[in-house]
Amino acid sequence: MNEIQYSGISDLNEEERDTLNEISSKSYEKIKNLLKKDDTTVSVHIKTYRQKGEKKKYSVTVKALAPATSIFRSGTTNWIFANALNDAFDRVQNEIKNHF
């Protein structure tokens, strides 16, 4: 099973996909350490909303789960993709910290 699962990435360009891989990889390691489980799975769902013109709004939902633990989920929206992604991962990490 993959450590990180992605959905909704078909609307992302190459630069956004690189950002997604970079941020997700770093955040996955942090989540894995917080949960203290090697077989942790993180799923990232991305939805884009096209407004007028070329600008896109991003909705990012992150879900973290590991055996024998709760499911931790968080989501956020932002006009800047990296900010939306970082914010969603930060919220999941805070949720995990508060749980333990």
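Author: Helices (H or I, at least four residues) and strands (E, at least two) are DSSP runs, numbered from the N terminus. This is a predicted model, in which local features need pLDDT of at least 70, side-chain atom pairs count only at pLDDT 80 or more, and totals for chains, interfaces and linings use all residues. Residues are numbered from 1 along each chain as its sequence is written, and side-chain values use heavy atoms, with hydrogens and water left out.

Reader: Which pattern does the protein chain follow along the sequence?

Author: The order is β-α-β-β-β-α, from two helices and four strands. The radius of gyration, taken over C-alpha atoms, is compared with a globule rule of 2.2 Å times the number of residues to the power 0.38. The protein chain has a value of 14 Å, close to the 13 Å that the rule gives for 100 residues, so it is as compact as a globular protein of that length.

Reader: How is a pair of aromatic rings described?

Author: Such a pair is described by the distance of the centres and the angle of the planes. Rings of Phe, Tyr and Trp (its six-membered ring) pair if their centres lie within 6.5 Å; planes under 30 degrees apart count as stacked, over 60 as edge-to-face and the rest as tilted. Here the count comes to one aromatic pair: Tyr58 and Phe81 are tilted, at 5.0 Å centre to centre with 55° between the planes.

Reader: Where in the chain do Tyr58 and Phe81 lie?

Author: Tyr58 lies in strand 3 (residues 56-65) and Phe81 in helix 2 (residues 81-99), 23 residues apart, so that the pair links distant parts of the chain.

Reader: Are Tyr58 and Phe81 buried or exposed?

Author: Buried means under 20% relative accessible area, exposed over 50%, and partly exposed in between (1.4 Å probe, protein chains only). Both Tyr58 and Phe81 are buried.
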